[in-house]
Amino acid sequence: LLILDYICSQRTAHNAMPASPVFIKTIATIDLAEKIAAHYGVRTINVLTGFKYIGEAIGQLDSQSDFICGFEESYGYLTGTYVREKDGADAALTICEMFAFYRSRGISLLEKLEEIYKKFGYCYNSLHTFEFPGSSGSLKMDSIMADLRSGITYIGNCRIIRTEDYSTGINGLPRSDVIKFYFENDSYSGSVMIRPSGTEPKLKIYVSVIADDMAKAMEEERKISDNLQKKIKRE
């Protein structure tokens, strides 16, 4: 979030924003990033999990100069188009530059992050994994995914307002065994994304909650996660 806001704010301040700026992230990556991008007039492209899809999306842009940055949930970053994979050196340099810029103005990165949260909402993200070993475990995961696709309307007290089932190949993306629910309540909003791991016998659940303060976001995330855990254990 810090990197995205820094790049957007500095490009805007120096009149260096491209005509049609694009930010690319994976569907498992923090929802709040889209609100930050939209604030600066930057279009967000969501791709499947795996940084290779971010690299692929860069190549599909009408003008690769429109790409300003991309990142994924598992700490992969890229701010240029010279490679099509995550770049740790680039991320380290960007963070150092950002740190130096804010420090010269008497602002710490934690203070800047707090400012971002106050402006766009406090977002708490979590990842939960459930192991299902063996062939019976694979069948169990298939059953859970089928049940989730049966048309649920609530997760606990959260009303689902939109469902994205990536098994149908939505938004021009390849088909993938992933389902994402967007929800909202009176005092918070967010999403739950569920997918079987591609490399391990595990079901992965990503929860993202945006609220007016971090304590509220963490409290609601815990309630949602507990509800999902009970649901999965009942299956």
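**Close-up views of a predicted model**

**View 1. Cys69 is buried, at 1% relative accessibility.** Buried stands for under 20% relative accessible area, exposed for over 50% and partly exposed for values in between (1.4 Å probe, protein chains only). The model is predicted, so that local features need pLDDT of at least 70 and side-chain atom pairs count only at pLDDT 80 or more, whereas totals for chains, interfaces and linings use all residues. Residues are numbered from 1 along each chain as its sequence is written, and side-chain values use heavy atoms, with hydrogens and water left out. The structure holds zero disulfides, a disulfide being a pair of cysteine sulfur atoms within 2.5 Å. For Cys69, the closest cysteine sulfur belongs to Cys8, and the separation of 6.1 Å is too far for a bond. For Cys96, the closest cysteine sulfur is that of Cys69, at 17 Å, which is also too far for a bond.

**View 2. Leu4, Phe23 and Leu32 touch the most other members of the largest nonpolar core, which has 29 residues.** Such a core is a set of buried Ala, Val, Leu, Ile, Met, Phe, Trp, Tyr and Cys residues joined through side-chain atoms within 4.5 Å. Two or more residues each come from α1 (2-13), α2 (32-39), β3 (67-72), α4 (88-103), α5 (109-120) and β5 (122-131). Helices (H or I, at least four residues) and strands (E, at least two) are DSSP runs, numbered from the N terminus. Helix α1 contributes the most to this core, namely six residues. Beyond its neighbours within four places in sequence, Leu4 is in contact with Phe23, Ala33, Ile36, Ala37, Cys69 and Phe71, contact meaning heavy atoms within 4.5 Å. Another core, of 25 residues, lies apart from this one and includes Phe132, Met141, Ile160 and Ile224.

**View 3. Helices α2 and α5 pack at an angle of about 85 degrees, and their axes are 11 Å apart.** The axes are lines fitted to C-alpha atoms, for helices over the stretch in contact, and angles run from 0 to 180 degrees between N-to-C directions. The two helices, α2 and α5, are therefore roughly perpendicular, a term that covers 65 to 115 degrees (under 35 is roughly parallel, over 145 roughly antiparallel, the rest oblique). From α2, the contact draws on Leu32, Lys35, Ile36 and His39, and from α5 on Ile116, Tyr117, Lys119 and Phe120.

**View 4. Asn15 has a positive phi of about 55 degrees, although it is not a glycine.** Asn15 belongs to the loop between α1 and β1 (22-26). With a relative accessible area of 72%, Asn15 is exposed. Asn171, again a residue other than glycine, has a positive phi near 55 degrees. The loop that holds Asn171 lies between β7 (158-165) and β8 (179-184). The relative accessible area of Asn171 is 60%, and this residue is exposed.

**View 5. Met145 lies in helix α6 (residues 134-148).** The relative accessibility of Met145 is 1%, and this residue counts as buried. When neighbours within four places in sequence are set aside, Met145 is in contact with Asp177, Val178, Ile179, Ile194, Arg195, Pro196 and Leu203. Between Met145 and Leu127 there are 17 Å from C-alpha to C-alpha, and the two stand 18 residues apart in sequence.
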